[in-house]
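We will go from stop to stop, selecting a few residues each time.

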Amino acid sequence: MIELEGVPELIDPVMVAAFEGWNDAGDAASTAVAHLDREWKGEVFAALDAEDYYDFQVNRPTVFLEAGVRKITWPTTRLSVVRVGGDKPRDLVLVRGIEPSMRWRSFCNELLGFAHELGVELVVVLGALLGDTPHTRPVPISGTTSDPDLARRMDLEETKYEGPTGIVGVLQEACTHAGVPAVSLWAAVPHYVSQPPNPKATLALLNRLEDLIDVRIPLGELPEDARAWQVGVDQLAAEDSEVAEYVQSLEEARDTAELPEASGEAIAREFERYLRRRDGGGPTASGGHATADGSDSTSYLRDNPSGRTRPPKPPKPGTDDEESSED
């Protein structure tokens, strides 16, 4: 049994988790949880034993000086709690760490132990993958669950993904088997500009999370950072005619595929978010990455020793190569 000291009784707690590594293209997911922790001044109450789950030759510890004394920070996964105030206050349990190198089942069981002791009602795992999506369009966010009833109630997709998975998929499945409602939210990051940070994808994840758990998330400078990021990528793409042409072809494919989705329901959802923010409604408050098909990632706006890689032609809308999120 896990004993928690200094953690008060929580109100309608939701666990929100993200892990650096394969599930975190552009660091979009881990940055989203870090943003929540920073904006709401999270208090760390637990950390998993790094010795149990990490290969220190892969995720090396770091040395730093504190008042002239050398100290070591070990890579691990930490849990913090934040209280979201407002008319209907609730608590978030934030889980932020690195995808473990080993003992994934024990890792998930330990996190589920915390969820059980804290009375967590829902687990939301954030992830980001690389896909054939243009940086000039809204970031696609896929919400998936293995629970058909939860999918209907929360307007999510019932996951159909088959293929390689990371700790996001494993943790979600562990929650399902343990009877804990679990959802994963995936942001699609343009594969030709995969290097972090990607504030536009982080912002999209937070907006979707806000809708999912019905809280108002303070965004701080993220919207401005997202605009600046897009301007910067626009400038880089304009310097290479092949990349500019490729981005245009992605835009055409995306616009054609999503034309039916420009529905009144989608417009109403965006308008509701605008009203909530205007009126202050609701509570106030390295390596490769996952791709749509599980293959390795490549960034086309980075030079390599043999010259800049030419981007492939995008898939045609409606083919089997279209982007899909994993579980």
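Is V63 buried, partly exposed or exposed? V63 is partly exposed, because its relative accessible area is 47%, between the cut-offs of 20% and 50%. Note that you are looking at a predicted model.

**Stop 1: a surface patch**

Keep V63 selected. The residue lies in strand 3, residues 62–66. Together with V63, they form a nonpolar patch on the surface. The accessible area of the three is about 290 Å².

**Stop 2: the whole chain**

Zoom out. The protein chain has 9 helices and 10 strands. The chain runs to 327 residues, and 47% of them count as buried.

**Stop 3**

Select D12, in the segment before strand 1 (14–20). Check the backbone: phi is near 40°, a positive value in a residue other than glycine. D12 counts as partly exposed, at 37% relative accessibility.

Go on to K41. This residue sits in the loop between helix 1 (28–39) and strand 2. K41 also has a positive phi, about 50°, and is not a glycine. With a relative accessible area of 66%, K41 is exposed.

Now pick A46, in strand 2 (residues 43–47). A46 counts as buried, at 13% relative accessibility.

**Stop 3: the largest cavity**

Which residues lie nearest the centre of the largest cavity? Select P134, H135, V139, P190 and K200. They are among the 15 residues that line the cavity. Strand 10 (182–190) and helix 6 (199–213) are the elements that give two or more residues to this lining. Strand 10 provides the largest share, 3 residues. The space inside is about 50 Å³.

Stay on H135. Its place is in the loop between strand 7 (122–131) and strand 8 (141–145). H135 is buried, with a relative accessible area of 3%. Show side chains around it.

**Stop 4: a cis peptide and a loop aspartate**

Select P196 and P197. A cis peptide bond joins them, with omega about 0°. P197 lies in the loop between strand 10 and helix 6.

Next, select D240. Look for this residue in the loop between helix 7 (222–238) and helix 8 (241–258). D240 counts as buried, at 15% relative accessibility. Its side chain reaches the backbone nitrogen of V243 at 3.2 Å.

**Stop 5: salt bridges**

How many salt bridges does the structure hold? There are 8. Side chains of opposite charge can pair when their charged atoms come close.

Start with D91 and R83. Their side chains meet in a salt bridge, 2.7 Å from N to O. D91 is buried, with a relative accessible area of 2%. R83 is partly exposed, with a relative accessible area of 42%.

Move to E121 and R90. This salt bridge is 4.0 Å, N to O. The pair links distant parts of the chain, 31 residues apart. E121 is in the loop between helix 3 (104–118) and strand 7, and R90 is in strand 6 (residues 90–98). E121 counts as partly exposed, at 41% relative accessibility. R90 counts as buried, at 16%.

Finish with R137 and D255. Their salt bridge is 2.9 Å, N to O. R137 lies in the loop between strand 7 and strand 8 and D255 in helix 8, so the pair ties together parts that are 118 residues apart in sequence. R137 is partly exposed, with a relative accessible area of 23%. D255 is partly exposed, with a relative accessible area of 36%. R137, E251 and D255 are linked in a network of salt bridges.

How values were computed:
Residues numbered from 1 in each chain as written. Predicted model: local features only at pLDDT ≥ 70, side-chain atom pairs only at ≥ 80, totals over all residues. Heavy atoms only, no water. Helix = DSSP H or I, 4+ residues; strand = E, 2+ residues; numbered from the N terminus. Buried < 20%, exposed > 50% of the residue type's maximum accessible area, 1.4 Å probe, protein only. Polar contact = N/O pair within 3.5 Å; in protein donor to acceptor, adjacent residues only side chain to side chain. Patch = residues over 30% accessible without salt bridge, like charges linked within 9 Å, V, L, I, M, F, W, Y side chains within 5 Å. Areas by Shrake-Rupley, 256 points an atom, 1.4 Å probe, with all protein chains shown as cover. 1 Å grid on protein atoms, 1.4 Å probe; cavity = no way out; pocket = protein on both sides within 12 Å on 5 of 7 lines; lining within 4 Å. Points joined across faces, edges and corners; volume = space filled by probe spheres on them.
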